[in-house]
Amino acid sequence: MRVRLNGEATEVERGTTVGMLVDRTVPDRARVAVERNGAIVPRAEYDRSPVVEGDDLEIVTLVGGG
Amino acid sequence: MQPLRVRDFAFESRLFLGSGRYPDPATMLRAWEASGTRCVTVALRRVDLKREREEKNLLDLIDRKRYTILPNTAGCFTAEDALRTARLARELGLGDLVKLEVIADEETLLPDAAATCEATRQLAREGFAVFAYTNDDPVAARKLEEAGAAAVMPLGAPIGSGMGILNPTNLRIILARARVPILVDAGVGTASDVAVAMELGADGVLLNTGVALAQDPVSMARAMGLACEAGRLAWLAGRMPRREFAAPSSPREGRIGS
């Protein structure tokens, strides 16, 4: 099924959780925060949050800035 | 020197430094150390889906025992995007601090006062300690304070311009009326700009590019730290009144030949 991940159309398997998506994207969950369809997904809920068709997901981290 | 208190946070240095545009991470860390800063700003961005696995994450570089992290909402052009960014920063475990920037346009990077006010009100309601970046406008500063900002951060000059304190008169008015800490943010090019801001009575100064793009960022960071302390001491000491004409510091009486 199709979702948007960080603005890019991405194909994910049915049954994918937010946790699985984060794990395949970054090495450490503690370095990122996740938003789905405009709402925060708390880290504790990653593994029980299924990704559904058409979801708009943002995975962000810290970068340098002023 | 007395620490700077903003809401329930205390900062042992009144100099806040950014983490952007340094030649490399090692130089950045040495610059922070040399400046004496205890609070550093960071930005939030999408994870690069292709590169993240190789890069060292900024969170791994920052000694959280020494530095408070102040996440910014840089690059947000709407109140809504700024709110989302602040909430993501909190979810990253950075606490309730946020440096709120809602920018009006890409060319000037000047703040959108109305949108900043709206976002401040909402974030304050959600428990954030909002450090609100704004113009050097006494009315905007007052409104942000009323909206619940924990600190107001008027610009010295546009972001990244290095032009120093362009409107000391407005800054003086902002400072005279403020009931929350005022930190001068943006436009600082060199150490004397920091000293000027602090001598005017600013509670602190936040800067990034002035250090990061100096030819020797570590030395410039030290200079900024010293200037911050010098300016603060001068403000506390209370400067002599200005006068138009000269006044000799040696006695007029008893000169030879008189």
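Visitor: Where does Asp8(B) lie in chain B?
Guide: Bear in mind that this is a predicted model. In chain B, strand 1 covers 4-6 and strand 2 covers 9-11.

Visitor: What separates the C-alpha atoms of Asp8(B) and Glu253(B)?
Guide: Along the chain, these two residues are 245 residues apart.

Visitor: How many helices and strands does chain B have, and what is its radius of gyration?
Guide: Chain B contains nine helices and 10 strands. For 258 residues the globule rule gives 18 Å, and the value for chain B is close to that, so the chain is as compact as a globular protein of that length. Along the principal axes, its C-alpha trace spans about 85 × 40 × 35 Å. The tally is nine helices and 10 strands, with a radius of gyration of 20 Å.

Visitor: What share of the residues in chain B is buried?
Guide: The count runs over the 258 residues of chain B, and a residue needs 20 or more other C-beta atoms within 10 Å to be buried. The buried share is 47%.

Visitor: Which residue follows helix 3 of chain B?
Guide: Helix 3 of chain B takes in residues 79-94, and its buried residues include Ala82(B), Leu83(B), Arg84(B), Leu88(B) and Leu92(B). Leu94(B) is also one of the buried residues of this helix. The residue that follows helix 3 has a positive phi, near 80°, and is Gly95(B).

Visitor: What is the radius of gyration of chain A?
Guide: A compact globule with 66 residues would be near 11 Å, and the value for chain A agrees with that. The C-alpha atoms fill a box of roughly 40 × 25 × 20 Å along the principal axes. The radius of gyration of chain A is 12 Å.

Visitor: In chain A, what part of the contacts with a separation of 6 or more comes from residues 24 or more positions apart?
Guide: Contacts here are pairs whose C-beta atoms lie within 7 Å. Among those in chain A with a separation of 6 or more, residues 24 or more positions apart account for 59%.

Conventions:
Residues numbered from 1 in each chain as written. Chains lettered and ligands numbered in written order. Predicted model: local features only at pLDDT ≥ 70, side-chain atom pairs only at ≥ 80, totals over all residues. Rg over C-alpha atoms; globule rule 2.2 N^0.38 Å. Contact = placed C-beta atoms within 7 Å. Helix = DSSP H or I, 4+ residues; strand = E, 2+ residues; numbered from the N terminus. Buried ≥ 20, exposed ≤ 12 C-beta atoms within 10 Å, placed from the backbone.
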